[in-house]
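I opened this entry to look at how the chains of the model meet. The sequence and structure come before my notes.

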Amino acid sequence: MLRLFDNAQYNVMRHWRAAVIVTSVFVIPGLALFGVHGLNTSIEFTGGTLIQVHANDPAINTAGIRAALGAAGITGAEIQTFGAPDEFVIRARLDPRSEQTDATTQETRDAVRDALNGAFSPEAFEVDRAEAVSPKVSGELRERATLALLLGLGATFLVLWFRYEWRFGLAAVIATVHDVIATVAFVSYLNLEISLVVVAALLTLIGYSLNDTIVTFDRVRENVKRSKRQDYFYDILNRSINETLPRTVLTSGTTLSAVLALLILGGSVIRPFAWVMAFGIVVGTFSSIFIASPVLLWVERRWPSEDVKVVKGAGMSAPAPA
Amino acid sequence: MFSTIRSRLIVIVLLVIGSFLSLVPRDVTIRERGPDGAMRDVTVKRVPLKRGLDLLGGIHLALEIDESAGPVANPDDALERALTVIRSRVDEFGVAEPLIQRVGADRIVVELAGISEPGRAKAIVERSAFLEWRLTDMDNRFRDQLPAIDRSLVEAGVTAGESAAQPSTLEQLLGADTAGAADSAAGDTTTALDGPGPLTALLFNGSIPGEFLVPEEDYPRADSLIRLDPVQRLVPRGLDLVWASEPISQGARSYRPLYAVERRAMITGEQLQDARATLDQTNNQSIVLFTLTRSGGRRFRQETRQHVGDFMAIMLDGRVFRQPPVLRSEIGRNGQIELGSASLQEAQDLALVLRAGALPAPLEIVEERTVGPSLGRDSIRQGTQAGIIAGVLVIFVMIGYYRMAGILAVLGLAFYALFTIGGLASFGATLTLPGLAGFVLSLGMAVDANVLIFERIREEVKTGKSPRLAVDAGFNNAMPAIIDANVTTVITAAFLFQFGTGPVRGFAVTLIVGIIASLITAVFVTKTFFLIWLQRRSATKELAI
């Protein structure tokens with residue numbers, strides 16, 4: 001019978017320093033990159049126009065489109081292939097600080113369309129997608145996305161606080177914030193475009209990563225109840241991680257395989273979402289094993305709880321379980 | 001309550017029947033274009049699962065009142081009336097199942113699915129269609145005022161610039177202030193002293209009183225000039241300067257007519273009762289025939305009687321349509337608008353917006369999303385493919401790892417899929433591409449509850465419990481973790497629903513419904529299967545989990 005991590009007895013807690021280093025090595029350059037380039041936000045958040053064109057004529061390429069736009073007096077538009085060599089996305093973003101009026105967003109969109117119509121025959125291409133977002137709307141969307149992220153985090157913290165004691169809640173939230181930051185670093189490495197759907201993926205990720213952490217902490221809570229007076233909290237944490245390890249790995253495995261199917265087969269529109277989810281599952285699993293419990297131990301040492309007597313005497317240097 | 005297998009089976013059967021019932025095609029009333037061309041309500045049977053615009057292809061517009069030309073007195077009321085007008089226009093345009101609704105305090109959202117000509121649909125929704133008839137400046141009061149206007153322009157530092165002063169097309173495109181470009185020519189003061197005035201230099205006399213022709217290439221500059229304060233101040237009282245909607249060509253050159261018209265309208269579109277497009281047989285021109293209301297017709301007759309021999313401009317949305325015709329006799333209730341080279345379809349669209357009435361205030365599009373039908377088809381195909389592969393992978397892992405128990409879980413997964421789709425249908429949820437992704441994602445998550453339970457059962461078996469006790473203890477001990485873990489996901493999904501827009505909301509709904517369905521499946525359906533399995537096998541045999 002297939003058994004993964006059956007009776008595992010890894011001293012996971014011992015590796016907390018390594019986990020911190022791995023995280024820092026991954027996150028810090030990513031955030032630095034993000035600091036240099038800024039986030040690649042979609043026109044939903046910057047305002048502006050986007051046209052996705054499917055070329056039926058292989059002669060149409062990025063340079064040809066640029067020339068056609070240039071001939072119509074439109075310069076500075078961003079032209080990229082999108083998913084396939086015959087799919088092109090033309091973006092004209094607005095600078096959120098400039099005084100662009102709503103009308104010009106529409107006009108730019110129409111002008112791009114006219115320029116393409118002028119340069120290519122109607123059969124040579126079709127417009128798959130056209131979006132025009134005015135600065136007013138993009139400002140609202142930015143606000144709503146930020147609110148959704150902050151309130152989502154806040155509300156889950158409240159639930160954890162209500163269901164567990166606050167130390168568990170705090171540790172779970174720190175682990176989750178770690179996941180969000182690591183994912184932002186990942187997004188910045190891949191230069192993924194941040195759209196509403198990517199924000200949705202980030203929020204889902206918060207729920208998912210908490211899910212993993214909660215299952216572990218639930219086991220911790222149970223083991224604390226069962227524990228004897230001489231047990232170290234350090235050991236209880238280790239035992240809880242090991243006991244939930246088969247479940248953690250298996251669930252992450254099935255969810256990850258579903259998301260990988262989406263990433264490979266789901267098409268270009270959903271791909272950024274799938275990238276964020278795939279990475280999120282990996283980092284969420286990592287953090288629930290290597291980050292959440294050490295953080296919980298740290299929180300318990302800093303603010304020892306009264307009712308959990310076993311916690312007293314817990315230390316980072318506690319002996320490994322036999 | 002559900003202690004016996006029999007009562008559990010009854011509940012499961014009821015849930016399955018409920019899910020199937022919610023998927024049975026229902027009677028839905030939709031508006032459709034009948035064979036006679038009129039819109040009418042038709043009842044059809046269909047599966048109550050709507051596809052979103054991103055899968056179906058179509059256009060999504062968000063409109064707000066445009067106050068750039070001046071404040072609107074009662075925006076709330078204007079928006080409400082605009083909603084009615086847009087509704088009747090879309091109705092006449094013939095889009096099946098449009099979504100037209102007010103969102104928030106100041107916005108109207110229009111969603112038209114399956115539209116093949118987004119540009120036309122947009123024009124029909126957005127056009128103000130404010131129609132008015134005004135007399136032209138018969139006494140040439142504006143022309144007499146031109147020297148004074150030129151003088152004040154020169155005093156203000158504007159000179160008769162050459163074409164070089166024109167802003168580039170890009171600047172216009174991006175909304176650069178064209179008046180600023182005109183001002184920049186002011187540095188060059190020497191050439192202007194003896195030349196004609198800045199405005200007069202651009203104007204040629206038209207063929208009727210109050211008409212001026214501006215070479216098309218000078219149109220942007222002339223337009224920015226007449227917006228300048230010195231000009232606006234000196235335009236004679238009771239007159240407006242209005243551009244023609246289209247340029248006209250004379251010989252090889254193209255001119256944009258500018259009209260000085262009376263500010264007072266003889267009559268406006270509010271008195272319009274009907275408008276029909278037709279083709280004038282004699283010269284193959286598109287025309288719109290209109291009929292005024294009884295009282296409107298009376299007033300129009302009175303007005304036109306006093307002005308026989310004068311020229312009357314037909315203005316639509318602040319532009320003059322074609323050259324103003326001369327009033328040969330009084331006009332009653334019936335008249336026509338000549339559209340010249342415009343196609344019959346354009347004439348029909350104009351007649352349509354005239355019939356549906358003018359918007360109470362100009363609207364601007366603040367957000368537009370168009371998805372072509374082929375992109376939507378691709379998305380559905382790829383999303384379904386990914387879903388099937390994901391399902392196969394999950395089934396493979398579960399059966400490979402948990403053997404018999406895995407088969408039960410996979411069986412449960414089939415119920416999960418049915419409950420999710422049934423739940424979505426009974427909520428009348430809209431299926432979007434992120435929604436499809438959410439479904440695929442929740443497939444992976446749906447097995448999580450099973451995994452939690454199975455791992456618990458394995459642990460209980462290890463402690464030496466009998467299979468029956470191990471199963472009970474496994475289900476019971478796994479419950480707190482299952483509930484807590486799913487509550488957080490539901491909460492984040494709820495925030496997504498609250499703050500998200502169309503497609504993202506579809507994702508949130510799918511996630512929430514999927515999680516609830518997976519909870520029901522794991523803790524109830526799969527457990528029932530387990531109980532049946534335990535009952536049918538010998539009590540001493542080892543549990544295949």
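I count two strands as paired if DSSP finds at least two bridges between them. The model is predicted, and I read everything below with that in mind.

I looked up strand 4 of chain A, residues 125–133, and found five bridges joining it to strand 19 of chain B. The two strands run antiparallel. Opposite Arg129(A) I found Val371(B), which belongs to strand 19 of chain B.

Contact between the chains. I noted 66 residues of chain A in contact with 63 residues of chain B. On the chain B side, the elements that each supply at least two residues include strand 19 (363–371), helix 6 (169–173) and helix 13 (433–462). Helix 14 (467–499) and helix 15 (502–536) of chain B are also among them. Helix 12 of chain B gives the largest share of that side, with 15 residues. By residue class, I recorded 38 nonpolar, 17 polar and eight charged residues on the side of chain B that touches chain A.

Nonpolar core. The largest nonpolar core holds 232 residues, and Leu262(A), Val288(B) and Val440(B) touch the most other members. Helix 12 of chain B supplies the largest share of this core, 19 residues. I then checked Val440(B), leaving aside neighbours within four places in sequence. Its contacts in chain A are Ala258(A), Ala261(A) and Leu262(A), and those in chain B are Ala386(B), Gly387(B) and Ala390(B).

Domains of chain A. The assignment gives domain 1 as 12–40 + 139–311 and domain 2 as 48–133. I noted 39 Å between the centres of these two domains, taken over C-alpha atoms.

Technical notes
Residues are numbered from 1 along each chain as its sequence is written. Chains are lettered from A and ligands numbered from 1 in the order in which they are written. This is a predicted model: local features need pLDDT of at least 70, side-chain atom pairs count only at pLDDT 80 or more; totals for chains, interfaces and linings use all residues. Two residues are in contact if their C-beta atoms, placed from the backbone, lie within 7 Å. Helices (H or I, at least four residues) and strands (E, at least two) are DSSP runs, numbered from the N terminus. Ala, Val, Leu, Ile, Met, Phe, Trp, Tyr, Cys and Pro count as nonpolar, Asp, Glu, Lys and Arg as charged, and the others, Gly among them, as polar. A nonpolar core is a set of buried Ala, Val, Leu, Ile, Met, Phe, Trp, Tyr and Cys residues joined through C-beta atoms within 7 Å. A residue is buried if 20 or more other C-beta atoms lie within 10 Å of its own, exposed if 12 or fewer, and partly exposed in between; C-beta atoms are placed from the backbone. Domain bounds come from an automatic or database domain assignment.
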